[in-house]
Amino acid sequence: MIQLRPSDARGQADHGWLQAKHSFSFADYYDPREMGWGALRVINEDRVAPGTGFPMHGHRDMEIVTYILSGALEHKDSLGNGGIIRRGEVQRMSAGKGVLHSEFNPSADEETHLLQIWIEPALKGGRASYDQHRLFTPDNASQWVLVASPDGRDGSAVIQQDALLLAAHLGPAEAVRHALAPGRLAYVHVIRGQVSLNGLALAAGDGAKIADESELAFQGGAEPGEFLLFDLPPAA
């Protein structure tokens with residue numbers, strides 16, 4: 001089963017300094033049919049105006065992954081961590097039993113475009129932690145790049161869940177495949193361009209919920225496509 005989640009069906013929010021699109025229910029956007037997919041709870045596509053951002057606020061019991069599409073984001077938290085991430089880098093924060101953090105666009109003239117991803121942890125009440133990684137040259141990756149995993153293999157960020165987050169960038173006629181173990185769920189989010197999934201055409205902003213599939217075949221379209229794939233544990 002592959003169920004399309006069209007880009008224009010996503011929730012939207014205009015806060016002036018922040019333009020947001022929500023793949024699943026978040027903040028003032030609520031759709032009882034779109035509360036996440038398995039352990040995947042949030043995919044927010046955010047555009048943050050120069051010199052603005054999210055002031056210090058709290059989270060708990062969530063694995064938060066930030067994937068930069070353009071611009072930069074400056075992080076500070078109550079654990080004493082701080083840093084700036086840019087395109088080709090990923091930030092991971094395990095909120096655990098509780099953490100405060102802020103995220104700001106440090107540029108005076110450039111918008112920050114990012115995806116904020118929340119994945120529910122396997123166990124609640126863990127230790128809060130933070131790290132950031134340089135992953136790959138994002139515009140030249142016609143193969144899978146492992147962004148996050150439970151064991152940190154291949155230089156990926158470590159998340160407290162039996163889930164994989166992979167990225168790929170496909171040009172015309174390029175292809176990648178991914179095998180799903182029995183019972184596993186998956187979700188695809190297209191960042192830009194075009195890609196087909198088992199023959200289903202997807203464009204920028206589109207998503208797809210996947211269940212009861214053993215293999216996923218991705219093919220690049222006429223416009224180079226960048227996308228994320230979540231390989232998720234069976235639904236509880």
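What follows is a short tour, one selection at a time. Keep in mind that this is a predicted model.

**Stop 1: the sheet.** Switch to cartoon and pick out the open sheet of 7 strands, which run in the order β2-β3-β4-β11-β6-β9-β12 with antiparallel pairing. Now go to its edges: β2 (11-14) and β12 (129-134) each have a single partner strand, so one side of each has no neighbour in the sheet. Look along the sheet too, where neighbouring strands are turned by 15° against each other on average, ignoring direction.

Stop 2: Select residues 89-94, which make up β9, together with β12; the two run antiparallel and are joined by 6 bridges. For one of the bridge partners, click Glu 89 and then Arg 134 in β12.

Stop 3: Step into the loop between β8 (82-86) and β9 to find Arg 87. Is Arg 87 buried or exposed? Its relative accessible area is 18%, and the cut-off for buried is under 20%, so Arg 87 counts as buried. Show side chains here: that of Arg 87 makes a polar contact with the side chain of Glu 226, at 2.9 Å.

**Stop 4: the cores.** Next, the largest nonpolar core, with 27 residues. Select Leu 40, Tyr 67, Ile 117, Leu 165, Leu 228 and Phe 230, the members that touch the most others. Strands that each supply at least two residues to this core include β4 (40-48), β15 (164-170) and β22 (225-232). Then move to a second, separate core of 19 residues; Val 176, Leu 180, Val 195 and Leu 216 are among them.

**Stop 5: salt bridges.** There are 13 salt bridges to browse. Begin with Arg 10 and Glu 45, whose side chains meet at 2.9 Å, N to O. Arg 10 sits in the loop between β1 (2-5) and β2, and Glu 45 in strand β4, so this pair ties together parts 35 residues apart in sequence. Both residues are buried.

For a contrast in setting, select Arg 177 and Glu 215, a salt bridge with its closest N and O atoms 3.1 Å apart. Arg 177 belongs to β16 (residues 175-179) and Glu 215 to β21 (residues 215-220), so to speak distant parts of the chain, 38 residues apart. Arg 177 is exposed, at 54% relative accessible area, while Glu 215 is partly exposed at 39%.

**Last stop.** Finish by selecting Arg 5, Glu 34 and Lys 209, which are linked in a network of salt bridges.

Methods. Residues are numbered from 1 along each chain as its sequence is written. This is a predicted model: local features need pLDDT of at least 70, side-chain atom pairs count only at pLDDT 80 or more; totals for chains, interfaces and linings use all residues. Side-chain values use heavy atoms; hydrogens and water are left out. Two strands pair if DSSP finds at least two bridges between them. Helices (H or I, at least four residues) and strands (E, at least two) are DSSP runs, numbered from the N terminus. Axes are lines fitted to C-alpha atoms, for helices over the stretch in contact, and angles run from 0 to 180 degrees between N-to-C directions. A nonpolar core is a set of buried Ala, Val, Leu, Ile, Met, Phe, Trp, Tyr and Cys residues joined through side-chain atoms within 4.5 Å. Buried means under 20% relative accessible area, exposed over 50%, partly exposed in between (1.4 Å probe, protein chains only). A polar contact is a pair of N or O atoms within 3.5 Å; within protein, one must be able to donate a hydrogen and the other to accept it, and residues adjacent in sequence count only if both atoms are side-chain atoms. A salt bridge is a side-chain nitrogen of Lys or Arg within 4 Å of a carboxyl oxygen of Asp or Glu.
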